[in-house]
Amino acid sequence: MRHVYLLMAGIGFLVCLFAAAVFIRMDFFGRLLADRVLANAAMPTEQEMPPTSGQIPFSSADVQVVGGRGEGLSCSLPKVLADLAFPQEEGHEAIGLQMRQACATHDYCYRHGAATYGYTQADCDFMLQEHAFRLCYYVERHEPGSDLETKQSKCIRDARLVTLGVRAGGSDSFRPLNTRVDALSQGLESETGLDGRASTYFEFDPYPVRSQSYAVYRIADAPNPDGGLQKTKAVYKFSMRPAGMFISAAVIGKDAGSGGLSLLVKLPGDPSYIVNAPIVVATTHNGKPEDWFVWWQRRGLSETGGRALAIAPGRATREDWNCLYLAGMAGTMAGNDDTCQGRSAIAVVEVGTNARPDDAGFSQIIAAHGRQPPPDTLHLMALQTNSCHRSGANAPCFRDILIGTALRRKHQPQEPLRVTDQLAKSIPGHRQEESDVYRNYVAAPLVFQLPFERDPLLTWARRDRDYESRAFVRRIGIMRKTGRPQSDTGRSRGSLWLADIQENDEPLFAFGRAGERQSLVAIRKADSAGAGHVEIRQWRLPPLREDDAGEVPLIEADAVSCAPNLAGTWLARPPIVVSAGSDEAILLFSQSVDRKEEDSGYALALATLRIGKDGRCTKELFTGPAIASVELIETVTADDSGASLQPAQQGLLKQKLKQKRLQLLRQTPILVGDLDGDAVLEVVFPGAGREPSAKIIARVGEDGNFSPSGHMAQSILHK
């Protein structure tokens, strides 16, 4: 028996010794395992940066949606684990900096992917793997034509180990749509909120090709093809499939609390292009404001060639909608009797360069907020996905895109503009160089527009070696050469450093975008334990400069001016930032709450916070209505209410219906906009009722206070 004990003790010692060796040499053993498990993970053939994830606005107004649940977007690991698994070698940066862009998308996917696109944890993890591999083309310095996979570069092996790590240990971090923690017995509502472990809706993926079915919502001009432009807005639902989309619309206003979503058109997909959802862009037509739906449709994720597809929903006829598909086809495909080319409410444009009209060179577009563009012109901007290779430059490029909807040409050249600033100096006679260009694409850029300035500013933050505490903000304008527009280039309007900007401060949003007081603002949880509380941090941007001469200013964070008494549970559902004038903003929060005493089980609570011109806000929220889920999502009729069932069966059915309502609540966003032009914001729940309807659940006046949805208080109609 003594020998048996000694043998067992020896085996136990060897197991512990092996475990210690694996832990200490995690970099070696981990890579061996990752290389074995993911040996057949193919490198993407396209050498393009992965898409940059971020908010996709639902209207043309200055509205921003803040995702991420206030938990921060990062790939940082605890120092001990990072040192063991990813020891930093000379000439290589920390893994958290190299893979930051891929990990930001992965964080969004874990938190919002299930509710928004129906993604699984596997979808998110394999997206991380693909994006990490793409980054390696830019992280590793390699000779043209070299094969990174055959080379077995450190970056490729790190990417495999990162993927294996999240596959093995990420299950606790992934938020499914239906989660076990809804059980009241676990008591999580009081600690982390009802949705503390569940996915919530947030559009972050510009190309959700992994999804078989998802829905997005937009606010734009109401359909009025028989008359002129009007102030009334409508809620549009885009039910997306890989083969096309179903587009429905609901018109609601001051006198109507809800409106049914009626099918407007079935828009088939063109097999030559990726099917995706549009953004909403504002312009003018006949002297009046007008909304356009704009799709940037790529031919595939392996190339940046594509087209801009656009329609003005306010004056589009059914024939216009039907022509939107046909107008983009080649003449031989559309037929000899093509009646779609002369329609003024649609536009189909290839956006490239004179040299390469079939390749735009960018991945995603954003609307250029600010001054109205010329009439019948769509103003868009894009940070070019690849480095700018024109004139041999190795620096980022961006596009200032003006699409004339009245022009019937299918190709409108849009030349790239080189970024020139302290990081990418342009010295006559020398090749323009910028190191580690990939670090510019972690967060989606923001557009600012100062009063009396002709052109907007493309603004974004780049993280470098001190990425855990500082960020370099680039503010790039345009240097126009009117004699040769193709020679226009970018110019710095004053770069700056943000101090004490931690990884959980991102994503940032723009405050005072078109005013004199412009800031970058973060909404985050102040701690990671339990629910925490919300902290709002602001970095006030200094005046613009004509160049980057002199020392770059360091801007300190202000976490004192706006310090609301706000629980962290309000960040599970993404807050909405609505511009109120040029220098103020209203923040709209929502959260799912438990209503144990009601048959509905759950409710949607609303609250607002107003930030003034000086950056200060009220300490307490304006608390609005808490709408029971049964008022929003009716899933029971007289036929299936279970009245004929036994009491125990009725109780089980009632619980299932509560869970169904909660699931639909998580899958549906709230929208905010002035639907009828009276300077009062309508808060809309677009998925109400047994038959889908858009329902006004509250109205918010200019002071940020609420009014019941059915009756407006006269005191807040006008300030």
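1. Ring pairs join Tyr-108, Tyr-117, Tyr-119, Phe-202, Phe-204 and Tyr-214 into a cluster, where rings of Phe, Tyr and Trp (its six-membered ring) pair if their centres lie within 6.5 Å, with planes under 30 degrees apart counted as stacked, over 60 as edge-to-face and the rest as tilted. The model is a predicted one, in which local features need pLDDT of at least 70, side-chain atom pairs count only at pLDDT 80 or more, and totals for chains, interfaces and linings use all residues. Residues are numbered from 1 along each chain as its sequence is written, and side-chain values use heavy atoms, with hydrogens and water left out.

2. By the ring-pair rule, the count comes to 13 aromatic pairs. In one of them, the centres of the Tyr-236 and Phe-293 rings are 5.0 Å apart and the planes stand at 85 degrees, so the pair is edge-to-face. Because Tyr-236 lies in strand S3 (residues 233-241) and Phe-293 in strand S8 (residues 288-300), this pair ties together parts that are 57 residues apart in sequence; strands here are DSSP runs (E, at least two residues), numbered from the N terminus. Tyr-236 and Phe-293 are both buried, meaning under 20% relative accessible area (1.4 Å probe, protein chains only).

3. For Phe-238 and Trp-295, the ring centres are 6.3 Å apart with the planes at 75 degrees, so this pair is edge-to-face. The pair links distant parts of the chain, with Phe-238 in strand S3 and Trp-295 in strand S8, 57 residues apart, and both Phe-238 and Trp-295 are buried.

4. The charged end of Arg-298 sits over the ring of Tyr-207, 5.5 Å from its centre, the criterion being NZ of Lys or CZ of Arg within 6 Å of the ring centre and within 35 degrees of the ring normal. The charged end of Arg-470 sits over the ring of Trp-497, 4.0 Å from its centre.

Key:
Helices (H or I, at least four residues) and strands (E, at least two) are DSSP runs, numbered from the N terminus. Buried means under 20% relative accessible area, exposed over 50%, partly exposed in between (1.4 Å probe, protein chains only).
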